[in-house]
Amino acid sequence: MSPTSKRKVLIVSPHFPPINAPDHQRVRMSLPYMEEFGWEAHVLTVRPDCVEGIQDPILSKTIPPQIPITYTGALPVQQTRRVGMSSLGLRCLPYLFRAGDRLLRQQKFDLIYFSTTVFLTMWLGSIWYRRFKIPYVLDFQDPWLSDYYKQTGTQPPGGRFKYGFAQLQAKLLEPKALSPVAHVISVSPAYPKTLQQRYPHLKPKQFTVLPFGAPEPDFSALSSLNIQQRIFDPNDGKRHWVYVGRGGYDMALAVRSLFLGIQSHRRQNPEIWQSVQLHFVGTSYAPGNLAIKTIEPIAQELGIADLVTEHPHRIPYFEALQVLVDSDAIVLIGSDDPDYTASKLYPCILARKPILAIFHHQSSVVDILHCCQAGQAVTFTSKQEPQDLLSQVITKLNWLLSIDKGFQPDTDWSAFQPYTAREMAHKQCAIFDQCLTTAG
């Protein structure tokens, strides 16, 4: 495609490097390839000083320097928290609207793309469509409107009042955002089914299930960055098993199953476990002393607290990758929600360490892990209890404990190829092309 035929997309992503947030991963990984597939990107985001979260300056270096970025402000969280409003969506919405409105008036854009879990900003797509008739794409990385916590009775993130208020916004604004949408991208195959049931005017051809791309360039750069992770000493002679990612009450079944298996195995083989340490890193999204441990209490209850350390605070992205690379094995913990798809699977595979995953049998993680021969999985159904998985878990623990330090799985990299960042960016840009064809 010649340079003159490139199309222009405005990407709305309130979390963006140097902020270390998983919901900009899709954008960050696809930006280096968009021009190759005929698209010029312009990013609209919020200034890092207005966003709560860890700043990771190295992340900014992964953004191609030619990509224009427009930063907006937001209401100061120190002031809005006094009235119980710390949500970035509420704080940044008027600023994002004004900046986007100005960009759309001043420049010619062919498409608007929202890739974020700051769902409130997706509402702007319908407003701008009415004003400028520019088609827009919504990328659902999590459900916006959901009855999961009500159905399961589990504690929602941030507490019931805060979550209830967010769900009230979703009831009001999700229908508006999805009314004239051109296309919906989703990381989970369950979201399109739910949204089509909720909004019958949306057709199956308007949905694409697209996982995040695997961050191969990040692992290529890691060795030259000389990152020192502070979670454990890889040279202390112990076996360090790690989990990097969020915790939460919806993961209690998987965590309890793992710990119950360890408890049972250690009773029979106490000497083996003297050298094993498990580290759970970045399990809470909450900042500072608001972070709550959800893993260690289960370990204490089951009498294996001496083996388990939980680091609830998020750490810089590349340090998290180094934790995976320095480990002896990686544990992947899944939600009891069958719709949950863990994008963190790909970095775990790229770390070239043995992987033990405990996931709902319907999760795509199970299929991908099996297809790529990158690890082993314990699977469960929504009706099972931790005790039901005990024999499965013990079998996998025996496998993991039998592996020598330094072991690398014989991963099928040709099977992994469809999940690379470049391939996902190619599919993403094909969706953009399709939107313009349909709109035309």
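Student: Where is Asn-226 found?
Tutor: Asn-226 sits in the loop between helix H9 (216-225) and strand E8 (239-244). Helices (H or I, at least four residues) and strands (E, at least two) are DSSP runs, numbered from the N terminus. The model is predicted, so local features need pLDDT of at least 70, side-chain atom pairs count only at pLDDT 80 or more, and totals for chains, interfaces and linings use all residues. Residues are numbered from 1 along each chain as its sequence is written, and side-chain values use heavy atoms, leaving out hydrogens and water.

Student: Is Asn-226 buried or exposed?
Tutor: Asn-226 counts as exposed, at 59% relative accessibility. Buried means under 20% relative accessible area, exposed over 50%, and partly exposed in between (1.4 Å probe, protein chains only).

Student: And what separates the C-alpha atoms of Asn-226 and Ile-19?
Tutor: A distance of 20 Å separates them, while the two residues are 207 residues apart along the chain.

Student: What about Phe-165? Which helix holds it?
Tutor: Phe-165 belongs to helix H7 (residues 160-178). Phe-165 is partly exposed, its relative accessible area being 42%.

Student: New topic: what order do the strands of the open sheet have?
Tutor: The seven strands follow the order E3-E2-E1-E4-E5-E6-E7, and their pairing is parallel. Two strands pair if DSSP finds at least two bridges between them.

Student: Which strands stand at the edges?
Tutor: Strand E3 (69-72) and strand E7 (207-209) do; each has a single partner strand, so one side of each lacks a neighbour in the sheet.

Student: How many bridges join E4 to E5?
Tutor: Four bridges join strand E4 (residues 111-115) to the parallel strand E5 (residues 136-140).

Student: Which residue in E5 stands opposite Ile-112?
Tutor: Tyr-136 stands opposite Ile-112.
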